[in-house]
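Keep the structure in view as you read.

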Amino acid sequence: MRFVVSSPLLRNVLIVDAAFSAASGVMLAATATPIASLAGLPHSLVLGAGIFLLPYALFVGTLGLCTMVVQYGTDKLLTLVWFVVAGNALWVAESLVTLAQTSPTAFGLAAIIAQATVVAAIAAGQAIGLRQSQVARVA
C-alpha cells in the first residue's frame, strides 16, 4: 500500500474545512425553518444541507488529523483528499445552480455567494496543499 505524507498546509485547510462545515451544519440543521424563511430557500434544502455537513465535517476532520493518507495508483493526487477537493468544487457549482433554480431573498443571495466563495477558497487551499504533499518512502 502506498501513502502520501500530508503537507502542513493540507492538514490545516482540512481542519478549517471541518470546523466551517461542522459549524454550518449545526446552524443549518438547528435553525432550518427560520433560515429558510429568511433566505427564501426551500426548508428541505436548508435542513438537508445541514444534516449532510455533519458527517462530512467528521470525515474531513479525520483526514486533517492524519499525517499520511492512502494513495491510489501511482499519482500522488489520487487520495481521499482529492475527492474532498472535487466535492467542494461540486458544492460551489451546486450553489450557483441553486441561485438559478430558486428565488432567494437578498439575504439568501448574499449567504449563498459568501459560503460558495469560502468553499472555493478552501478547495483551492486543499488542492495546493495536496500538491505540496510528498509520497511516503515506505520500505
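The axes of α1 and α5 come within 8 Å and cross at roughly 155 degrees. Angles over 145 degrees count as roughly antiparallel, so α1 is roughly antiparallel to α5. The crossing of α1 over α5 is left-handed. From α1, the residues in contact are L9, L10, V13, L14, V16, D17 and F20. They meet Q115, V118, V119, I122, G125, Q126, I128, G129, L130 and Q132 of α5. Sorted by class, the contact of α1 with α5 has eleven nonpolar, five polar and one charged residues.

This model is predicted, so bear that in mind throughout.

**The whole chain**

How many helices and strands does the protein have? There are five helices and three strands. Starting at the N terminus, the elements follow the order β-α-α-α-β-α-α-β. The C-alpha trace spans about 60 × 25 × 20 Å along its principal axes.

Next come α3 and α4. Their axes lie 12 Å apart, and the packing angle is about 160 degrees. That angle is the reason why α3 and α4 are roughly antiparallel to each other. α3 passes α4 in a left-handed crossing. On the α3 side, the contact is made by L45, A49, F52, L53, Y56, F59, V60 and L63. On the α4 side, L80, V81, V84, N88, W91 and T98 take part. The contact of α3 with α4 counts twelve nonpolar, two polar and no charged residues.

Now take α2 and α3. Here the axes are 8 Å apart, with an angle of about 130 degrees. Are α2 and α3 antiparallel or oblique to each other? At that angle, α2 and α3 are therefore oblique. The crossing of α2 over α3 is right-handed. A32, T33, I35 and A36 of α2 touch H43, V46 and L47 of α3. By class, the residues of the contact of α2 with α3 are five nonpolar, two polar and no charged.

| Helix pair | Axes | Angle |
|---|---|---|
| α1 and α5 | within 8 Å | roughly 155 degrees |
| α3 and α4 | 12 Å apart | about 160 degrees |
| α2 and α3 | 8 Å apart | about 130 degrees |

**The largest pocket**

Rolling a probe the size of a water molecule over the atoms shows where empty space is left. What volume does the largest pocket have? Its volume is about 740 Å³. The lining of the largest pocket holds 26 residues. Which of them lie nearest its centre? These are L28, A49, W91, S95 and Q115.

Each of five helices supplies at least two residues of this lining: α1 (8–30), α2 (32–39), α3 (43–65), α4 (80–101) and α5 (106–132). By class, the lining has 17 nonpolar, seven polar and two charged residues.

Definitions and conventions. Residues are numbered from 1 along each chain as its sequence is written. This is a predicted model: local features need pLDDT of at least 70, side-chain atom pairs count only at pLDDT 80 or more; totals for chains, interfaces and linings use all residues. Side-chain values use heavy atoms; hydrogens and water are left out. On a 1 Å grid over the protein atoms alone, a cavity is a set of points where a 1.4 Å probe fits but cannot get out, and a pocket is an open set with protein on both sides within 12 Å along at least five of seven lines; lining residues have an atom within 4 Å of a point. Grid points are joined across faces, edges and corners, and a volume is the space filled by probe spheres set on the points. Helices (H or I, at least four residues) and strands (E, at least two) are DSSP runs, numbered from the N terminus. Ala, Val, Leu, Ile, Met, Phe, Trp, Tyr, Cys and Pro count as nonpolar, Asp, Glu, Lys and Arg as charged, and the others, Gly among them, as polar. Axes are lines fitted to C-alpha atoms, for helices over the stretch in contact, and angles run from 0 to 180 degrees between N-to-C directions. Angles under 35 degrees count as roughly parallel, over 145 as roughly antiparallel, 65 to 115 as roughly perpendicular and the rest as oblique. A crossing is left-handed if the near helix is turned anticlockwise from the far one by less than a right angle, and right-handed if clockwise. Contact means heavy atoms within 4.5 Å.
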